[in-house]
Amino acid sequence: MFPAPTFMRALAAAAVCGALVGLAHAADPKPDAVIKTKSIEARIFLDDKVKADAALAADCLAEGKKWLDKNAAEAAASRKADPQFFKDGGWDFERRYTIRSVVADRYVSILRDDYMDTHGAHPNSNVNTILWDKTENTRISIRPFFAETADNGATMKAMVKAVLVSLKAEKKKRDASETATDEWFNGVAPNLLRIGAVTLAPSAEAGKSSGLTFHYPPYAVGPYAEGEYVAFVPWEALKPYLTAEGTRIFGGARPKGDADAQ
């Protein structure tokens, strides 16, 4: 159970989240895909930069529509099993695809933000990422930028070490050092699939990336009341592990505005 101050922050966060989503709905453009039934209303939004790349937009929209269909089926099944939980309306879901950076005019980092309200104690959110290769018109990982990315290998261990330094610094800024513990960081492992959703951070040097940013939804590295976290790993910390392509695309410092926005 949360202590009283943390619980109150959680309630406040939930109220603010709901209010912001309500305001966003009023100002939003037309969704790029939508499902609306008695059980659910769910929407997909692609930002204008995503839509400017036809192949990227098609890829994101195809994924988004599968997400809509999956959640619509789950909502219908839940309404059939427990209709009393739908007296005040159906579930409310939303997914947004937003470009975070474009590096070397080739590698596009996209944030995929989900909002989910199933009439529980509070709405939930999730964040994931996509790295898109404009030259090949396909999704990729960060593997091409590093000489090796083996589980528990030197590269991944160096990444985890730098991620934890960043997370602990952010916890201290938020006066949340009490949750900067092994228990909360246990899920951050030296494994590409477990270290966290990653993007290429923008750089003050044109066409370059200043390093990696790892994005964590609520509950991933802290309680719900603390919200999302972003960990920044400067490229210099990973310089010994870069391939020729990694050396080509990384450089420069992280823009102050990017750090302030996290």
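A pocket is an open set of grid points where a 1.4 Å probe fits, with protein on both sides within 12 Å along at least five of seven lines. The model shown here is predicted. Its second largest pocket has a volume of about 410 Å³.

**The pocket**

Twenty residues line the second largest pocket. Asn128, Thr129, Leu192, Gly196 and Ala197 lie nearest its centre. Strands S5 (124-133), S6 (138-140) and S7 each give two or more residues to this lining. S5 provides the largest share, six residues. What is the lining made of: how many nonpolar, polar and charged residues?

| Class of lining residue | Number of residues |
|---|---|
| Nonpolar | eleven residues |
| Polar | six residues |

**The cores**

Nonpolar side chains tend to be buried together in soluble globular proteins. In this model, the largest nonpolar core has 32 residues. Which of them have the most contacts inside this core? They are Leu212 and Phe214. Helix H4 (154-173) and strands S7 (197-202), S8 (209-216) and S9 (229-234) each give two or more residues to the core. The largest share, seven residues, comes from H4.

Now take Phe214. Leaving aside residues up to four places away in sequence, Phe214 touches Met159, Val163, Ile195, Gly196, Ala197, Val198, Tyr229, Val230, Ala231 and Val233. Gly196 and Ala197 come up again here: they touch Phe214, and they are also among the residues nearest the centre of the second largest pocket.

A second core is separate and has 24 residues. Val50, Ala72, Phe93 and Ile99 are among them.

Methods
Residues are numbered from 1 along each chain as its sequence is written. This is a predicted model: local features need pLDDT of at least 70, side-chain atom pairs count only at pLDDT 80 or more; totals for chains, interfaces and linings use all residues. Side-chain values use heavy atoms; hydrogens and water are left out. A nonpolar core is a set of buried Ala, Val, Leu, Ile, Met, Phe, Trp, Tyr and Cys residues joined through side-chain atoms within 4.5 Å. Buried means under 20% relative accessible area, exposed over 50%, partly exposed in between (1.4 Å probe, protein chains only). Helices (H or I, at least four residues) and strands (E, at least two) are DSSP runs, numbered from the N terminus. Contact means heavy atoms within 4.5 Å. On a 1 Å grid over the protein atoms alone, a cavity is a set of points where a 1.4 Å probe fits but cannot get out, and a pocket is an open set with protein on both sides within 12 Å along at least five of seven lines; lining residues have an atom within 4 Å of a point. Grid points are joined across faces, edges and corners, and a volume is the space filled by probe spheres set on the points. Ala, Val, Leu, Ile, Met, Phe, Trp, Tyr, Cys and Pro count as nonpolar, Asp, Glu, Lys and Arg as charged, and the others, Gly among them, as polar.
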